[in-house]
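I opened the model and kept notes as I went.

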Amino acid sequence: MLTAYLTQTSRLLHDPQNVNFSAADLTAYINFARGQIASQTQCVRCLDIVNLANGTESYALPTTGTLAGSGQATAVLSVAMPWGTYKPVLDRFSWGDFQAQFRLFTGTVQGFPECWAQLGDALSSAVYFFPIPTQVFASEWYCAHTVLPLASDQDPEAIPYPFTDCVPYFAAYLALINAQRYQESKVMFQTFQMFMQSARAATNPLFSSTAYPTIPGNADG
């Protein structure tokens with residue numbers, strides 16, 4: 001995948017022989033672009049298993065995802081807990097509400113976790129649970145992740161299509177900025193934004209949650 005990115009980025013820069021922009025520089029721009037795209041779109045998502053421990057209230061975000069090529073988690077979208085044959089999704093609170101309503105009981109209420117909140121942003125954040133777990137629970141966290149850098153074609157690309165189409169445009173934008181070709185960089189960034197909007201529209205189609213909605217006034221058939 002790295003070679004494909006390098007080839008497309010060089011074409012966009014009209015520099016197929018890498019006379020003006022070295023492959024090493026373009027690789028750095030490509031990996032920076034990948035990180036930004038993964039963070040902005042949250043398109044790299046994994047279902048991660050995080051073991052909760054007895055008496056431990058807070059947990060760091062997963063450092064790697066279950067998807068090959070995924071890196072540090074940047075956001076937790078939902079948390080499910082095993083409970084017998086069930087796996088309920090826990091309620092989520094903003095940190096302010098969680099602090100006000102539940103953490104005043106910190107250290108005194110333990111049991112099966114019922115809710116959670118994320119403190120902080122992205123890589124430095126942590127997830128807090130209430131009640132505090134009383135045993136080991138293999139919780140499932142649905143997380144958005146960043147990506148690991150590409151150094152060769154053997155490294156897996158975690159960013160899914162069509163978001164991969166956006167990478168060369170952002171990388172070319174960075175190269176043009178570095179070359180102080182600001183007018184061209186502006187056009188390249190606008191094109192990048194167009195592809196980003198197209199990719200998001202393609203991956204978020206309209207849908208109905210059921211094909212058989214209840215008809216008002218017709219509950220008895």
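**Ground rules.** I am working on a predicted model, where local features need pLDDT of at least 70, side-chain atom pairs count only at pLDDT 80 or more, and totals for chains, interfaces and linings use all residues. Residues are numbered from 1 along each chain as its sequence is written, and side-chain values use heavy atoms, with hydrogens and water left out.

**Strand 3.** I took helices (H or I, at least four residues) and strands (E, at least two) as DSSP runs, numbered from the N terminus. For burial I used relative accessible area: buried is under 20%, exposed over 50%, partly exposed in between (1.4 Å probe, protein chains only). Strand 3 pairs with strand 9 (residues 137-147) in the antiparallel sense, over 7 bridges. Within strand 9, tyrosine 142 stands opposite serine 78.

**Glutamate 157.** I found this residue in the loop between strand 9 and helix 4 (167-178). Is glutamate 157 buried or exposed? Its relative accessible area is 19%, so glutamate 157 is buried. Next I checked polar contacts (N or O atoms within 3.5 Å; within protein, one must be able to donate a hydrogen and the other to accept it, and residues adjacent in sequence count only if both atoms are side-chain atoms). The glutamate 157 side chain has one with the side chain of tyrosine 5, at 2.8 Å. Another, also 2.8 Å, joins it to the side chain of arginine 34. I also listed contacts (heavy atoms within 4.5 Å). Beyond neighbours within four places in sequence, glutamate 157 touches residues including Met1, Ala68, Val147 and Thr164.

**Aromatic rings.** I paired rings of Phe, Tyr and Trp (its six-membered ring) with centres within 6.5 Å; planes under 30 degrees apart are stacked, over 60 edge-to-face, the rest tilted. The count is 16 aromatic pairs. I picked tryptophan 83 and phenylalanine 112: centres 5.6 Å apart, planes at 35°, so the pair is tilted. The two residues are 29 apart, tryptophan 83 in the loop between strands 3 and 4 (91-92), phenylalanine 112 in the loop between strands 5 (110-111) and 6 (115-119). Tryptophan 83 is exposed at 55%. Phenylalanine 112 is partly exposed at 25%. I also noted one aromatic cluster, formed by Phe93, Trp95, Phe98, Phe102, Tyr128 and Phe130.

**Arginine 11.** I located arginine 11 in helix 1 (residues 2-12). Arginine 11 is exposed, at 55% relative accessibility. From arginine 11 to leucine 206 I read 35 Å, C-alpha to C-alpha, across 195 residues in sequence.

Terms used:
Two strands pair if DSSP finds at least two bridges between them.
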